Amino acid sequence: MLWRPEFHGRLISVNDMFSSIYFYDVVAVGISWLANRDDDDLNEEDSLEFDAGFGSIIVVDNLPVVPKEKFEKLEGVVRKIYSQIGVIKENGLWMPVEEDTGKTRGYCFIEYNTPQEAELAKEKTNEYKLDKAHIFAVNMFDEIDKFMIVPDTWAPPEDRPYIPGENLQHWLTDEKGRDQFVIRSGSDTEVLWNDARQVKADPVYKRPFWTESFVQWSPLGTYLATVHRQGAAVWGGASTFNRLMRYAHPQVKLIDFSPGEKYLVTYSSHEPSNPRDTHRVVLKIFDVRTGKVMRDFKGSADEFAVGGTGGFNGVSWPVFKWGGGKEDKYFARMGKNVISVYETETFSLIDKKSIKVENVTDFIWSPTDPIFALFAPELGGGNQPARVSLFQIPGKEELRQKNLFSVSDCKMYWQSNGEYLAVKVDRYTKTKKSTYTGFELFRIKERDIPIEVFELDNKNDKVISFAWEPKGHRFAVIHGDNPRPDVSFYSVKGGKVLKLTTLKQKQANALFWSPTGRFIILAGLKGFNGQLEFYNVDELETMATAEHFMATDIEWDPTGRYVATSVTSVHEMENGFNIWSFNGKLLYRIPKDHFFQFLWRPRPPSFLSPEKEEEILKNLKKYSKKYDIQDQDISVLLSEQDREKRKQLKDDWERWVNEWKRNHEEEKMERQTLRDGEASDVEEEYEAKEVEVEELIDVSEQIIQDV
């Protein structure tokens, strides 16, 4: 039996009150006593020593301080919270009290059966919000070392002079109004200006081996993120890209920014030691500016594999979906029969519990409001219908619900302003041998959220692609079973769905709206080998048709002026990218071997009010005069450059001809000798003769015997 000296002078047995917990009380209450001891004292034979198994103990701080009559109630609350995570040992919860008053001291010790349960309890409940005044601070008992090096006296931090950093939005002040993009090819990563007026890409910054995996812009274009074995990093600046912050996360595979760029989510997956176990998943949420880990999540891959697509080892990505627009107030993840919504003030569950939704398979946030839509398929062989529900956060109020019957598949599409939600529903026919498609349109901003149902002219048509017009009221649908499907355009303005037009038999399987609306690209990727049709939806007319053979990716620039099409290393040939104008004119192309990525740099929302934007559109000719003059100057400059280029080519040709004549004259005597004294070089003055020459190649002798 091991004995410990109690801070108040009593002795206590390890077995009576597991001295591991008691000893921490000595440290917590008498920290100054420990700090006053010499280091040599701590190394003496009678020094305080740790018992084996302390890794199973956690210390929970910031508990309410209550009198003894409320002790049992508080103990019951704490036990209920922590017993849900693991098995607490018998007498494994100890909450110290003051001897003179009987009040609790604001912390407790909990011992689990295994260190893994203790680690999980720390992960799950650190910064747990019991109420507004009490947010748990949870540490492992083994972390006592960091409390033992606290200095005796507090010293104020050293004042550091303010050093202004670079303007991370400086690129937005470009006088030419250009946009940037990043490309990766081979081992190089490059940031370039799209100088479409000069019909070229203007280099900004280039760096070899900048990332070990991929690069990613933050949603507002402030940062460029790179991924490495040790973690992720963000870069930015006015003239060069300096590293602004690092985020330690070994073996990170994926990253995701919150819409307002305040937080960065990192993901890693680790091989299990036991082949029968699933992969171990680690997720961390960092504050982008400070690099602080706001919260981490750990568990098996099975815990994060519900719903969604992509990711690694069956884990859906992104695991967390952000809601509430650019304010980054909420994020949520889907579990088995639950939607867990967290708020970023404390990074804990709203109301400390998840929203229970039986059999939920998908959910998606509104782009602008703290509202999400979810889908739950049928249960019990159709006895309980499928449903789409709208929930508002933080109140968790169900705003609207629509029951759906005989559902085969369901997809949800938010309009960029959050005004409409389109739900594509594939339903079984009565025989259940085939399906047909219909749409349910939720008008989110209207009273009681009315729902409109509409179907295609031929409801049996397969829907290949659906896309809302950004900031608009129109949408496009590619539909049909033929090798050349149809493309239809609809409007939902005015309270009902109105079909605008249908384009028959198009080589298209993907839709790409301009970010400003009005224009759309009907693209034929993969099997259609890069067919492109640039279409004006306002005028309902085709502006141009083109082809980028084997194109794998299409992306509009954030202003809607230019389009990039690219062929990545998915194909071994034709790697590189093309830049087009919005109306389908090819401006320039850049081939790149081993081409991996093309990403336009996003722009933050305009500070102009909608009224000011409308006023600019009405008076566009007045505002465009300045740029018309610039365009004319550039056109003259380009013409001058073309003339200089043609003149240079002509001069090069004349130099080559003169050089050839000089060499020809120098070789005149040699030619005359070869022609037996004939001096003329004119071929017509010579007669061609055919001369037969017999040559004995071989002689052999063979004796043939008589039969």
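Modeller: Leaving aside residues up to four places away in sequence, T368 touches G324, G325, S416, N417, G418 and K445, where a contact means heavy atoms within 4.5 Å. Keep in mind that this is a predicted model, in which local features need pLDDT of at least 70 and side-chain atom pairs count only at pLDDT 80 or more, while totals for chains, interfaces and linings use all residues. Residues are numbered from 1 along each chain as its sequence is written, and side-chain values use heavy atoms, with hydrogens and water left out.

You will find T368 in the loop between β25 (362-365) and β26 (371-376). Strands are DSSP runs of E with at least two residues, helices are runs of H or I with at least four, and both are numbered from the N terminus. T368 has 35% relative accessibility, so T368 counts as partly exposed; buried means under 20% relative accessible area, exposed means over 50%, and partly exposed is in between (1.4 Å probe, protein chains only). One of the residues T368 touches is S416: the two are 48 residues apart in sequence, yet their C-alpha atoms are 7.8 Å apart in space. The side chain of T368 also makes a polar contact of 3.2 Å with the side chain of D369. A polar contact is a pair of N or O atoms within 3.5 Å; within protein, one must be able to donate a hydrogen and the other to accept it, and residues adjacent in sequence count only if both atoms are side-chain atoms.

Now let us look at some strands. An open sheet of 4 strands runs in the order β29-β30-β31-β32, with antiparallel pairing. β29 (407-414) and β32 stand at its edges with a single partner strand each, so one side of each has no neighbour in the sheet. From one strand to the next, the twist averages 20 degrees, using axes that are lines fitted to C-alpha atoms and angles from 0 to 180 degrees between N-to-C directions. Two strands pair if DSSP finds at least two bridges between them; β31 (residues 435-443) and β32 are joined by 5 bridges and run antiparallel. Here F439 has F454 in β32 as its bridge partner.

Another strand worth a look is β43 (residues 576-581), where 6 of its 6 residues are buried. G576, N578 and W580 point one way, F577, I579 and S581 the other way, and all are buried. β43 pairs antiparallel with β42 (residues 562-567) over 6 bridges, and with β44 (residues 586-591) over 5 bridges, again antiparallel. Follow I579 to see both partners: A564 stands opposite I579, and I579 stands opposite Y588 in β44. The hairpin of β43 and β44 has 4 residues between the strands, and G584 there takes a positive phi near 95 degrees.

Finally, some charged pairs. A salt bridge is a side-chain nitrogen of Lys or Arg within 4 Å of a carboxyl oxygen of Asp or Glu, and by this rule there are 35 salt bridges. One of them joins D179 and R603, with the closest N and O atoms 2.6 Å apart. That pair links distant parts of the chain, 424 residues apart: D179 is in strand β9 (residues 179-185), and R603 is in the loop between β45 (595-600) and α8 (610-618). D179 has 1% relative accessibility, so D179 counts as buried, whereas R603, at 27%, counts as partly exposed.

Compare that with E666 and R662, whose closest N and O atoms are 2.8 Å apart in a salt bridge. Both residues lie in helix α9 (residues 620-666), 4 residues apart, about one turn of the helix. An α-helix has 3.6 residues a turn, so residues three or four places apart point the same way. E666 is exposed at 54% relative accessible area, and R662 is partly exposed at 40%. Elsewhere, salt bridges that share partners join D174, K176, R178, D195 and D202 into one network.
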